[in-house]
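Student: Please take a close look at one single part of this structure. I would like to see how that part sits in the whole.

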Amino acid sequence: MDLYREVLARKNDLLLDLNNLLKMESTKDILSTTDEKPMGKKVAEALEFMLNLCQKQGYQTKNHHGYYGYAEYGKSQSDDHIAILCHIDVVPATGEWTSPPFEPTIRDGKLYARGSIDDKGPTMAAFYAVKLLQELDLPIKRKIRIIFGTDEESGMSCLRKYREIEQPPTAGFAPDATFPIINAEKGQINARLQFRSSNEQTYSSHEYDLVSFSSGTRANMVPETATAVLKGDVSTLEKKFNEYILNQDLQGTMDKNDGKAILTLKGTSAHSMVPFKGKNAAVALIHFLYSLSLNNQAKGYVTFVQDLLYEEHYGVKLGIDHTDDITGPLTVNPAIFSYENNEGFVHLNIRYPVTAQFETIEKQLQKIISIYNVSIGEIRNKNPHHVDKEAPMIAALQKAYEEETGDEPTLLSSGGNTYASLLPNCVAYGAVFPGKEMTAHQKDEYIEVDDLLKATSIYAKALYYLANMEETKK
């Protein structure tokens with residue numbers, strides 16, 4: 001069965017539906033939330049759009065109070081089902097884009113738009129994969145359920161609610177990472193480190209007061225912009241700042257207002273799972289502030305960041321570094337910063353290997369930061385996830401990938417967290433192919449059109465094999 005040829009015949013329809021979805025600025029918006037739209041109006045619109053597409057195909061659909069929706073295809077009376085774990089929310093479109101991020105544009109075979117690869121493009125590929133099985137009338141023993149989450153980028157509350165209510169799948173995959181197969185995902189810790197000034201701190205006289213410092217909006221993004229407001233003699237500050245950004249190959253500006261200097265520095269955003277691929281604007285600006293003579297309280301905050309977080313991606317200075325052969329090294333992304341009125345915090349996003357222990361990391365983190373008058377104000381943990389390489393579902397996914405691409409279906413691990421980590425018997429499966437650039441959370445995000453079509457045929461064949469697997473013991 002030549003599934004790829006069938007996908008090509010549906011190319012125009014697939015791109016049209018995807019373009020309509022990509023035009024929706026479905027970022028979480030707490031200002032427009034309601035009981036039935038908990039992630040805001042725009043995310044709700046995207047969810048309804050996908051459910052309407054599925055209803056037109058005759059699938060059974062459900063919208064659980066706006067947290068998640070799903071569509072089921074298949075005639076089996078059994079509760080067993082194969083799950084596709086998709087999400088229709090996106091991160092904000094920061095940075096200067098070549099074309100507007102919510103006006104999908106194809107250039108040189110690449111479809112540019114926020115959400116094109118994370119995760120609306122793969123979501124549409126998954127929908128068309130199911131549609132293909134239906135239109136070709138291929139027999140399946142189990143139902144296939146396409147799940148549409150709404151809060152993947154901000155804590156996954158949607159799928160956490162899903163697993164409280166719904167039955168787990170027999171097997172499933174999240175089309176929200178890279179091919180071939182990611183069967184191991186790191187654990188994730190989100191920790192807010194709280195700084196409070198101490199009267200016992202003793203520093204020499206100072207030239208500047210740090211009025212405020214802010215950077216970052218999302219825990220899963222390397223902050224691209226940082227802003228500091230300073231009060232004091234700002235006459236020579238601009239020269240120092242310009243020299244700094246020139247030497248560091250950065251971009252920045254300084255404005256003056258009412259005797260205060262407003263410093264803005266730009267870095268490069270990246271996904272939290274690969275913080276070393278970005279340039280953290282916050283720690284870069286802190287590094288500059290560290291060179292200044294600051295007031296006592298601010299010096300404590302700045303020193304804490306400088307000592308433990310500047311150009312430090314692996315937690316060595318925090319004493320939490322760890323690595324293993326399954327998922328690689330622990331990584332740290334200082335994602336959100338705030339300082340004002342002599343108090344502040346830093347929000348860390350930590351991705352840790354499957355052989356590390358949350359309790360050990362938490363204990364060591366508390367020990368090190370306490371030296372700087374910093375404490376853990378809030379901490380959340382999501383355990384690592386691992387599906388055994390000998391599981392029947394792994395063989396089915398490998399077979400589909402190898403048949404559709406001719407390439408070796410290697411098993412991989414990831415520092416990213418997908419929906420797959422929240423449900424048993426699920427893995428991450430595409431849609432970025434080996435050797436291709438991953439542009440999730442970056443400006444000019446894109447998916448290659450040919451890769452989108454190839455992923456659709458892989459998903460169709462994988463779903464066919466998964467839905468017809470021999471029964472396994474529970």
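Tutor: Accessible area is calculated here by the Shrake-Rupley method with a 1.4 Å probe. On that basis, this predicted model exposes about 20,000 Å², and carbon and sulfur atoms supply 45% of that area. As for the outline, the C-alpha atoms fill a box of roughly 80 × 45 × 45 Å along the principal axes. A compact globule of 474 residues would have a radius of gyration near 23 Å, and the 24 Å of this protein agrees with that. The chain forms 11 helices and 24 strands.

The part to look at is strand β9, residues 181–185. A residue counts as buried when its relative accessible area is under 20%. In the protein, 56% of the 474 residues are buried; in β9, five of the five residues are, so by that cut-off the strand is mostly covered.

Which strands pair with β9, and in what sense? One is β21, residues 411–414, which runs parallel to β9 and is joined to it by four bridges. Within this pairing, Ile182 stands opposite Leu412. Another is β20, residues 385–386, which pairs with β9 in the antiparallel sense over two bridges. There, Ala184 has His386 as its bridge partner.

The side chains of a regular strand alternate between the two faces of the sheet.

The residue numbers in these pairings can be set beside a figure for the protein: among contacts between residues at least 6 apart in sequence, 77% join residues at least 24 apart.

Key: Residues are numbered from 1 along each chain as its sequence is written. This is a predicted model: local features need pLDDT of at least 70, side-chain atom pairs count only at pLDDT 80 or more; totals for chains, interfaces and linings use all residues. Side-chain values use heavy atoms; hydrogens and water are left out. The radius of gyration is taken over C-alpha atoms; the globule rule is 2.2 Å times the number of residues to the power 0.38. Buried means under 20% relative accessible area, exposed over 50%, partly exposed in between (1.4 Å probe, protein chains only). Contact means heavy atoms within 4.5 Å. Two strands pair if DSSP finds at least two bridges between them.
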